[in-house]
Number of protein chains: 2
Amino acid sequence: MADMETLREEEAGGEPVSLYQRILGDIRDRILSGEWPPGYRIPFEHELTTQYGCSRMTVNKALSQLANAGLIERRRRSGSFVRRPQLQSAILEIHDIKAEVDALGLPYRYELATRLQRKATRADLVRLDVPLPSTVLELSCRHFAGDRPFCLEDRLISLAAVPEVADESFAEMAPGPWLVSRVPWNAAEHAIRAVGADAATAAALGIAAGTACLVIERRTWSADQPVTHVRLTYAGDSHALVARFTPSQG
Amino acid sequence: MADMETLREEEAGGEPVSLYQRILGDIRDRILSGEWPPGYRIPFEHELTTQYGCSRMTVNKALSQLANAGLIERRRRSGSFVRRPQLQSAILEIHDIKAEVDALGLPYRYELATRLQRKATRADLVRLDVPLPSTVLELSCRHFAGDRPFCLEDRLISLAAVPEVADESFAEMAPGPWLVSRVPWNAAEHAIRAVGADAATAAALGIAAGTACLVIERRTWSADQPVTHVRLTYAGDSHALVARFTPSQG
DNA sequence: TGCGTTGATATGTATATACATAAAAGCAAC
DNA sequence: GTTGCTTTTATGTATATACATATCAACGCA
């Protein structure tokens, strides 16, 4: 249930932590330090209650949260065991493009290139998993950092999922923030790859053809209905994705 | 504490879920569907107890987990409120390279190119944050899918953090799995970028110079001590990182 | 009007208790 | 020895209760 960010609390700060948090932190630290390696059987709830002088509910709360976090595995009758780190999983934070440009200290500008409402074609199915007789909005736009193109955005939006886009010109507002503020999404999928810029991309980004570009594709669903597919293309050297780490996760 | 993966349970399966899980799921669904938008004040614990006919501890457990998951925010005296999705964050799963190749259905092969134990230079500091008079192991190796190079690995390992590497040749075993199984890490940082292959990289990967490559750099710490820095270079079109999504996270 | 005190309220944590359940261990009959 | 039962055990869930604490609102006093 938990990722480690939320499992972490301030120990050094000396602020009062509750008892179950102390128990949780103690065990977590022993696991992360390697003192209790994968497979290690951590003390029974019963033992921890005597060790900490508290009730079973309290240690149960701590252990349950560790189990939710994927750090330990609980087995009835057998006890609780340190889990092997399953997969190295990193948390990628997808920032707003404007925020990225702001972070560079450069003025941000957005520009709509094309806006086309049309019937979905067979080719769109790969990008957006809509039933075939359906209407989509295709957008192409650019994000600028200063006066240099920073990112190219090609987007497909399902009109079935978001009918209101028909009334939105997107001349001033980028579709990303517009959608985020309007459509509650509950699933998404990202693919990240490196591709050489083709002629059109190179021209739009103001770079030489063949330059390495970082391409991020994202598909988003809301209530099992496909909402949008977006392809963001960054000139290779201008951008890096940074991912924070999450220690161990089911 | 929770990420949504673990918050999710099988509703359709019809398997018996506990009461607090039902409460948790009900509220989560209303938030993710948008029925309860950001800022919405969800019913007080007291109201939920009467609504579900259960004790406060039970609804408290559900609400606490939602708060840990970052879906709601709890304020004393005021109630609990739906949080605005903070950042689009995706969970990137960093697979073992052998597993990636296996997934392609191709035979995997590993090959060590160079192995050099030496004093750390100023240039290494950027990669591995070690104190200057210290020793590092520099490795360069290739991972093959079939008979084509799949991935180039350049690695720096701190001997202070992992003295045992001095005795390991890495002729047979890749350093990645070796380290994972041996060193408990508790922090890492990833940077993902697209770069054009330079002459050496192109030769090593068997591609044309300038071809777009996906470069993943990872720095790993164990107990606040830098352990390793690795740069993985994939020929652009041969590889894409896929990231699963996590709905909303503090 | 302005300010401090007081009380009400919702959440935060902890306890003792109870019963359910899964799983392993022990035991007995075949 | 294997099968099938019972017992033990540790966890899973839920309850009623208690007190702490942060905070908002209302009140009363200067």
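Predicted model: local features only at pLDDT ≥ 70, side-chain atom pairs only at ≥ 80, totals over all residues.
Trainee: How many residues does the largest nonpolar core have, and which have the most contacts inside it?

Mentor: A core is read through its members and their contacts. Here the largest nonpolar core has 34 residues. I192(A), L214(A) and Y234(A) are among those with the most contacts inside this core, along with I192(B), L214(B) and Y234(B).

Trainee: How many salt bridges does a search of the whole structure find?

Mentor: Over all chains, the search finds 28 salt bridges. Each is read by its partners, its distance and its place in the chain. E111(A) and R142(A) form one such bridge, with 3.0 Å between the closest N and O atoms. This pair links distant parts of the chain, 31 residues apart: E111(A) belongs to strand β5 (residues 108-119) of chain A, and R142(A) to strand β6 (residues 135-145) of chain A.

Trainee: With which residue does E138(A) form a salt bridge?

Mentor: Its partner is R118(A), and the closest N and O atoms are 3.1 Å apart. Here too the pair links distant parts of the chain, with E138(A) in strand β6 of chain A and R118(A) in strand β5 of chain A, 20 residues apart. E138(A) is partly exposed, at a relative accessible area of 26%, whereas R118(A) counts as buried because its relative accessibility is 19%.

Trainee: How far apart are the closest N and O atoms of R28(B) and D29(B)?

Mentor: In that salt bridge they are 3.0 Å apart. R28(B) is buried, with a relative accessible area of 4%, while D29(B) is partly exposed at 35%. Salt bridges may also share partners: in this way E45(A), R56(A) and R74(A) are joined into one network.

Trainee: Is E217(B) buried or exposed?

Mentor: E217(B) counts as buried because its relative accessibility is 15%. This residue lies in strand β9 (residues 212-222) of chain B. The side chain of E217(B) is joined to that of H229(B) by a polar contact of 3.3 Å. Leaving aside neighbours within four places in sequence, E217(B) is in contact with residues including E189(B), H190(B), R193(B) and R231(B).

Trainee: How many helices and strands does chain A have?

Mentor: Chain A has eight helices and 11 strands. The radius of gyration of chain A is 24 Å, well over the 18 Å that the globule rule gives for 250 residues, so chain A is more spread out than a compact globule. Its C-alpha trace spans about 70 × 40 × 30 Å along the principal axes.

Trainee: Of the 250 residues in chain A, what percentage do buried residues make up?

Mentor: They make up 49%. Chain A exposes about 11900 Å², of which carbon and sulfur atoms supply 52%. Among contacts in chain A between residues at least 6 apart in sequence, 60% join residues at least 24 apart.

Notes: Residues numbered from 1 in each chain as written. Chains lettered and ligands numbered in written order. Heavy atoms only, no water. Core = buried A, V, L, I, M, F, W, Y, C linked by side-chain atoms within 4.5 Å. Buried < 20%, exposed > 50% of the residue type's maximum accessible area, 1.4 Å probe, protein only. Salt bridge = Lys/Arg side-chain N within 4 Å of Asp/Glu carboxyl O. Helix = DSSP H or I, 4+ residues; strand = E, 2+ residues; numbered from the N terminus. Polar contact = N/O pair within 3.5 Å; in protein donor to acceptor, adjacent residues only side chain to side chain. Contact = heavy atoms within 4.5 Å. Rg over C-alpha atoms; globule rule 2.2 N^0.38 Å. Areas by Shrake-Rupley, 256 points an atom, 1.4 Å probe, with all protein chains shown as cover.
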